[in-house]
Amino acid sequence: FLYSYSDTTITQDLNAFAGGSTKGVAVGAGGTILFTEQGSSGFGTAFVITSKYSSQNLRGVGSRGNLFVAVGDNGSILRSTNGEIWAGVTTTAITTRLNDVHYADDKWIAVGAAGTIARSTDNGLTWSVVSSGSTFNLNSVYYNDNVWVAIGQSGMVLNSVDTNTWYKKFVGVGTDYNGLTFGGGKLVTVGLSSNIAYSVPE
């Protein structure tokens, strides 16, 4: 099946992108979800707009192969097995904004406002709240070297090896950090006022 493309103006903000094994998904305001397919040179610049499942603002998306999970306002969690057709999933008392989601170590972890951490161990089908012991906003989450790291408001960091118990850290600069990834042997975070910080695994 070949998609037919036509130029369309997307007026909604797009907030996050995740690349799967053969597809990439972008999510944004008002429940907007787009997907693209990977070619010989990587992901293309032509996107297909999916049918909306939700009108909630979507702020983060993660992938496991071509299985995608998107998160957003009011505890919204959506799931797709192909990036094209989406459905809501079962959550337990999650009503706060979720900002990011990541898959690793046989589980999905989503983080958000007021220290919210949600976890799924059945490939994103059902979710439950995990106590973080904190109330500051969490904006991004990542997993590397057997450690989960969540970062956010005022330079605050949480880390965990089992996702049950989370330990509070401080980046050293009291600004909000919004992104987190690993590369070149370093865990790197970026934030407001062009702040960039990194940590080298011990």
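Leaving aside residues up to four places away in sequence, Ile-117 touches Ile-109, Ala-110, Val-111, Ser-128, Val-129, Val-130, Ser-132, Leu-138, Leu-158 and Trp-166, where contact means heavy atoms within 4.5 Å. The model is a predicted one, in which local features need pLDDT of at least 70, side-chain atom pairs count only at pLDDT 80 or more, and totals for chains, interfaces and linings use all residues. Residues are numbered from 1 along each chain as its sequence is written, and side-chain values use heavy atoms, with hydrogens and water left out.

A second, separate core of 13 residues includes Val-71, Tyr-103, Ala-110 and Ala-118. A nonpolar core is a set of buried Ala, Val, Leu, Ile, Met, Phe, Trp, Tyr and Cys residues joined through side-chain atoms within 4.5 Å; buried means under 20% relative accessible area, exposed over 50% and partly exposed in between (1.4 Å probe, protein chains only). In the largest nonpolar core, which has 14 residues, Ile-117 is among those that touch the most other members, including also Trp-148 and Trp-166.

Turning to the rings, the structure holds 3 aromatic pairs. Rings of Phe, Tyr and Trp (its six-membered ring) pair if their centres lie within 6.5 Å, with planes under 30 degrees apart counted as stacked, over 60 as edge-to-face and the rest as tilted. Phe-17 and Phe-47 pair edge-to-face, at 6.4 Å centre to centre and 80° between the planes. Phe-17 is partly exposed, at 42% relative accessible area, and Phe-47 is partly exposed at 32%. The ring centres of Tyr-143 and Trp-148 are 4.9 Å apart with planes at 55°, so this pair is tilted; both residues, Tyr-143 and Trp-148, are buried.
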